Amino acid sequence: MFDITNIPTPCYVIDEGKLRRNLEILSGVEKRTGAKILLAQKAFSCYHFYPMISEYISGTACSGLYEAKLGFECMGKENHVFSAGYREDEIDEIVSYCGHIIFNSFTQLERYRDRVLSKGKKIGLRINPEHSTQEGHEIYDPCSKKSRLGITRRNFKPELLEGVSGLHFHTLCEQNSDDLESTLDAVEEKFGEFLPKMEWINFGGGHHITREDYDIPRLERCIKRIQDKYGLEVFLEPGEAIALKAGYLVTTVLDLTENDMPIAILDTSASCHMPDVLEMPYRPPLRDSGEASEKKYSYRLGSQTCLAGDMIGEYSFDNPLEVGDRLIFEDMAIYSMVKNNTFNGMALPSIAVLRENGTVEILKNFGYEDFKSRL
């Protein structure tokens, strides 16, 4: 437990010790297999920690110009980029920051191939093995019907592979290595004939490598299988695994109301500060709480915004909540920080770090100008 009485709320707090433990696990995979692990910045872009992260893994993965520039400036190691569509006015700058440029179509490949190769950079293509391993979350399934992500075998054009040195797939989301294994079977079935012509392959992200029940030996067998069979360099782009369970969102109870059950109004928002709660949807873990009715006092937790559905979930507590109480939502380092917004004029949460010595240091506060400047 850390002292939450003297920090502003709402506030994201990154746990330095837990972050380091995740990185040690990932570094072990790199050392045992020779594969290179890249931070998928779409999940965690708190660049304050990039120097620390760079001690353990090989670099960054980007989704466009701004992430490419951030990875280049603040990590300065391997920097790979994939976008479903590159802009003409951005591609040259992106190429200047990245060593591997991955295209989503042959039309984009043909349009920009010479400009990438002339700078001595490597070209990859994203493939779609059409092998769904997810259930109930089509929004996060790149292999869903009519997906725009990746080239299917039916649309693959071997005659246009000039200059292409690698293939990339990304099909997982918060999944274990058994799903990677079955995905590799599909990749080999559909695209295996092209792998001997490649130099590298990127397994994408969605690998929950630092989760307690994750099967790391199976992951390492998958890596070695591709290395040994095709002689390829292997990359992985986990985002969540790097900061999994390594952050918190601290919030304050502003008011207590009643409508069929007790309701607590917080100074944080699912819509603004943890949008995956509504998109996924899911019920975020809350320290020292239980399911509704599990403990003596149950509450529905919601935001101060005007959105009727801006509710975080129903929780129970050993003692009744009071105005001014601090609550700690867990596993809030990933996605929440990069997806937040200022809907309703809600302030962006401050960012703090829980140091390994137990002290809490505020990295950044946000105010009115941050809201106004976006508009």
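A polar contact is a pair of N or O atoms within 3.5 Å. Keep that in mind as we walk through this predicted model, starting with one of its helices.

**Helix H7 and its start**

At the start of H7, a side-chain oxygen of Asp215 comes to within 3.1 Å of the backbone nitrogen of Arg218. Asp215 itself sits in the loop between S8 and H7. Is Asp215 buried, exposed or partly exposed? With a relative accessible area of 25%, Asp215 is partly exposed. Not counting residues up to four places away in sequence, Asp215 touches Asn176 and Ser177. Asn176 is 39 residues from Asp215 along the chain, yet their C-alpha atoms are separated by 6.7 Å.

H7 covers residues 216-230, and the distance from its first C-alpha to its last is 21 Å, close to the 21 Å expected. Its buried residues are Ile216, Leu219, Glu220, Cys222, Ile223, Ile226, Gln227 and Tyr230. Why do they end up on the same side of H7? Because they cover an arc of only 155 degrees around the axis. There's a handy rule behind this kind of pattern: an α-helix has 3.6 residues a turn, so residues three or four places apart point the same way.

What do the buried residues of H7 pack against? Their partners are helix H1, helix H6, strand S8 and strand S9. Over on the other side of H7, Asp228 and Lys229 are exposed. Just after H7, Gly231 takes a positive phi of about 65 degrees.

**Helix H5**

H5 (residues 106-117) tells a similar story. Its 12 residues should span 16 Å at 1.5 Å a residue, and its end C-alpha atoms are 15 Å apart, which agrees. Phe106, Gln108, Leu109, Tyr112, Arg113 and Val116 are the buried ones here. Their arc around the axis is only 155 degrees, which puts them on the same side of H5. What covers them includes helix H4, strand S5, strand S6 and strand S7.

Let's zoom in on H1 and H6, which the buried residues of H7 pack against. Leu23 lies in H1, and Thr183 has its place in H6. Leu23 counts as buried because its relative accessibility is 0%. Thr183 is buried too, with a relative accessible area of 0%.

| Residue | Relative accessible area | In contact with |
|---|---|---|
| Leu23 | 0% | Met52, Ile53, Tyr56 and Ile242 |
| Thr183 | 0% | Pro129, His131, Thr133, Phe169, Thr171 and Leu172 |

As for Leu23, its C-alpha atom and that of Tyr97 are separated by 24 Å, and the two residues are 74 apart along the chain.

**The largest pocket**

How do you find gaps in a protein? Rolling a probe the size of a water molecule over the atoms shows where empty space is left. The largest pocket here holds about 1,200 Å³ of space. It is lined by 50 residues, and the closest to its centre are Lys42, Tyr140, His170, Cys173 and Tyr335. Which elements give two or more residues to the lining? They are strand S3 (59-62), strand S4 (78-82), helix H8 (240-243), helix H10 (276-279) and helix H11 (336-339).

Methods: Residues are numbered from 1 along each chain as its sequence is written. This is a predicted model: local features need pLDDT of at least 70, side-chain atom pairs count only at pLDDT 80 or more; totals for chains, interfaces and linings use all residues. Side-chain values use heavy atoms; hydrogens and water are left out. Helices (H or I, at least four residues) and strands (E, at least two) are DSSP runs, numbered from the N terminus. The expected span of a helix is 1.5 Å times one less than its number of residues. Buried means under 20% relative accessible area, exposed over 50%, partly exposed in between (1.4 Å probe, protein chains only). The arc is that of the directions from the helix axis to the C-beta atoms. Contact means heavy atoms within 4.5 Å. A polar contact is a pair of N or O atoms within 3.5 Å; within protein, one must be able to donate a hydrogen and the other to accept it, and residues adjacent in sequence count only if both atoms are side-chain atoms. On a 1 Å grid over the protein atoms alone, a cavity is a set of points where a 1.4 Å probe fits but cannot get out, and a pocket is an open set with protein on both sides within 12 Å along at least five of seven lines; lining residues have an atom within 4 Å of a point. Grid points are joined across faces, edges and corners, and a volume is the space filled by probe spheres set on the points.
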